[in-house]
Amino acid sequence: MDAPLLKERERATFNVTELIHLLNGSEEETKRRKELESWLYNNPVFRQDDRYQISREEVYERGLQKTRELVNLCRRKNIKFDSLDFARLNISTLEELPFFLHVIMFIPTIRGQGTEEQKRKWLPLAEDLKILGTYAQTELGHGTFLRGLETKATYDVSSREFIVNSPTITSMKWWPGGLGKTCNYAVIAAQLYTKGKCYGIHMFIVQLRSLEDHKPLPGVTIGDIGNKYGFHTVDNGFLRLDNVRIPYENMLMRYAKACDYIPPVNPKINYGTMTSIRVDLVKDASVILAAASTIAIRYSAVRHQTEIRPGEEPPVLDYITQQFKLFPQIATAIAFHFAGDYMHRIYDKVQSEIFDGHLSAITELHGISAGLKAFTTDTSIAGVEICRRACGGHGYSNASGFQRFYENWLGSATYEGENTVMYLQAARYLFKCYDNPKEAPETMSYLRYPQNKMEWNVKSADDVSNYATLITAFEQRALSKISSTAKKLKNLTHYGMNRNDAWNAASVDILHSIKAHCHYFIVKNYMQSLNHLKMSSPLRQVMTAVALLYANYGIDEHAGDFLESGFMNGKQINLVRAKILQLLKEIRVNAVAIVDSFDFDDRFLRSALGAYDGNVYNRLFKWAKLSPLNKTEVHSSYKYLRRILQSKL
Ligand SMILES: CCC/C=C/C(=O)SCCNC(=O)CCNC(=O)[C@H](O)C(C)(C)COP(=O)([O-])OP(=O)([O-])OC[C@H]1O[C@@H](n2cnc3c(N)ncnc32)[C@H](O)[C@@H]1OP(=O)([O-])[O-]
Ligand SMILES: Cc1cc2nc3c(=O)[nH]c(=O)nc-3n(C[C@H](O)[C@H](O)[C@H](O)COP(=O)(O)OP(=O)(O)OC[C@H]3O[C@@H](n4cnc5c(N)ncnc54)[C@H](O)[C@@H]3O)c2cc1C
């Protein structure tokens, strides 16, 4: 163990194990998580030492090898794909595998949108991996605007078949994970045509490849879309269907029927699988940011640089600016952890309501999940980059471990709904509730009795240590943004603009409003969660400091908004800033212990900078020695150099 980290750990004022169990839910949950991880990490197939030294083809092949191992593990340990255990394994691989879309979207779409008969037919095949499917919705021409998708499924009454067709180049399916080379089936989103009329987007199960030799079936043009920023293990694909015929029974018909068309009670029920993934992404944002913070904090405790006082070269974690970069990332990771818990609770509640036939709650779920998906992925992507830069030059090396998950995580701002679009969807619901406060759900309860308070009750730094005071500040900021934007919208329509153009004209303000609302929700949920949890008093003291930092940092970060609301004044912002400095000092002593409580296995972080033992420099040197350029003392391409050096060009 490197001495600096040992010293940091000895100074901690709370019990790390207590926080580990609190974040995992209980001691039993921690034990189970570790057991699952050890099954995975003790398998050499999941090692990644030469990850950046191999070609894309090899990366993909290894992805399939890992898939086989993971499936094998699940079979041996009787782990079902829809279980919490599988979700944990999924996160622990820290790499999207080529068959994940099968598990997270193909099976859930059949389960959510298939009739009982369809589920009886398809689920055993899919769950036993007799077929492998993906979720093929996005097209070359449209991803966001689902009503604009061009793929057609036309019902042929005489043969009782649908003819599925991609009529144009822009109608080609583009992006679905596992589509290019792995999957032999897909749920395809297509415009349903029956008796000459279009009834909008519905889901169809289409076989794409032979179950005998995996060759594409007649009428199917399919392949990989090429290299991307990340997701190298995954064969995101393209697909063109040339009048492919599928049986009538392959349209997922739990909510709608074809031939004599019967529409679903709520047409957006077809979008349910996307909502479920958006819910999961909130928790994933917490995990990614917690991992990045762990690397950056441990490294900052080991890395010594320059001097504060002459003759003493401190760990860079002693620089207040370093703390100001990194401690808010720890706080944000914890805030998103509790937001993720909230999202799973509300998702389960709405699912049981849907099961009982009540579809109205999906609108609220969509509003909340779309907003929080955008807010948490946006913030965590930015946070990972802050952590990477906080590691100086070594943060730029692949040995830091940042790139591997950052490159995949960047995509989360786009997949499952591009973030601006998701914010605007969430805002649509927010402004409806503002106009009709009686309909506002619990998460927007402040809209039911909007009170524009005159003045923030803060006179000293102690006042910004009060949860209720801080929550009120975020509530007032959101209210001020929402009410001024609502006024703007009203004015625009009053002077003749139609509602859609007015919405576009005011959309920058709308974006600020929904972000302010999401921020308010996260702060409130964080503080309420802490209030409800049992913990020892030393741990409570630490958790309180971190939560207060999250809120005060948020005020400082958006001071313009808070001042503009008229609720806060410049003196109070200064008190907030003073409080932040006080909190950084308080958290400093526990920073390493807090990230230890995130409890990432070294084999998960795969970082020379962030390993538990802090043995940074030896690991970096070991990493460098593995570079393929170092296989020989003189590289074979010296032949060119020699000619340059000898002027024999
Ligand atoms: C590992 C990575 C894997 C990645 C996989 C993927 O990316 S897969 C691909 C992921 N792709 C994407 O994520 C694509 C993103 N695009 C979309 O999700 C949609 O096209 C849209 C929501 C932007 C608009 O859709 P549209 O033009 O059909 O909608 P509209 O304008 O006609 O009506 C809006 C109304 O619908 C409501 N409503 C909407 N969604 C839901 C819902 N889920 N639930 C409930 N309700 C919902 C909304 O509240 C509003 O209600 P209002 O106010 O009228 O009462
Ligand atoms: C890694 C990855 C994996 C993916 N996996 C899958 C998959 O498995 N299955 C699948 O079907 N798809 C998948 N996708 C596709 C993904 O869901 C879409 O790319 C995403 O929904 C965004 O749609 P788009 O590409 O059409 O973006 P666009 O909508 O074209 O976005 C371009 C710009 O236009 C803006 N914009 C668009 N509409 C509006 C609006 N109404 N108001 C304001 N601004 C707007 C956006 O904010 C953005 O700045 C994946 C994508 C990625 C990156």
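**Around ligand 2**

Helix 12 makes the biggest contribution to the shell around ligand 2, giving three residues. Before going further, a word on ground rules: this is a predicted model, where local features need pLDDT of at least 70, side-chain atom pairs count only at pLDDT 80 or more, and totals for chains, interfaces and linings use all residues. Residues are numbered from 1 along each chain as its sequence is written, while chains are lettered from A and ligands numbered from 1 in the order in which they are written.

Back to the shell: 21 residues surround ligand 2, counting a residue as near if its C-beta atom, placed from the backbone, lies within 6 Å of the molecule. The closest are Gln137, Thr138, Gly143, Thr144 and Thr420. Strand 1 (133-136) and helix 12 (419-435) each supply at least two shell residues; helices (H or I, at least four residues) and strands (E, at least two) are DSSP runs, numbered from the N terminus.

Now zoom out. The protein splits into domain 1 (1-42 + 270-649) and domain 2 (107-264), with bounds from an automatic or database domain assignment. Both domains give residues to the shell around ligand 2, so the ligand lies between them.

The C-alpha centres of the two domains sit 36 Å apart. Their contact takes 10 residues from domain 1 and 12 residues from domain 2, where contact means C-beta atoms, placed from the backbone, within 7 Å. On the domain 1 side, helix 8 (272-302) and helix 11 (402-409) are the elements that give two or more residues, and helix 8 has the largest share, three residues.

Notes:
Two residues are in contact if their C-beta atoms, placed from the backbone, lie within 7 Å.
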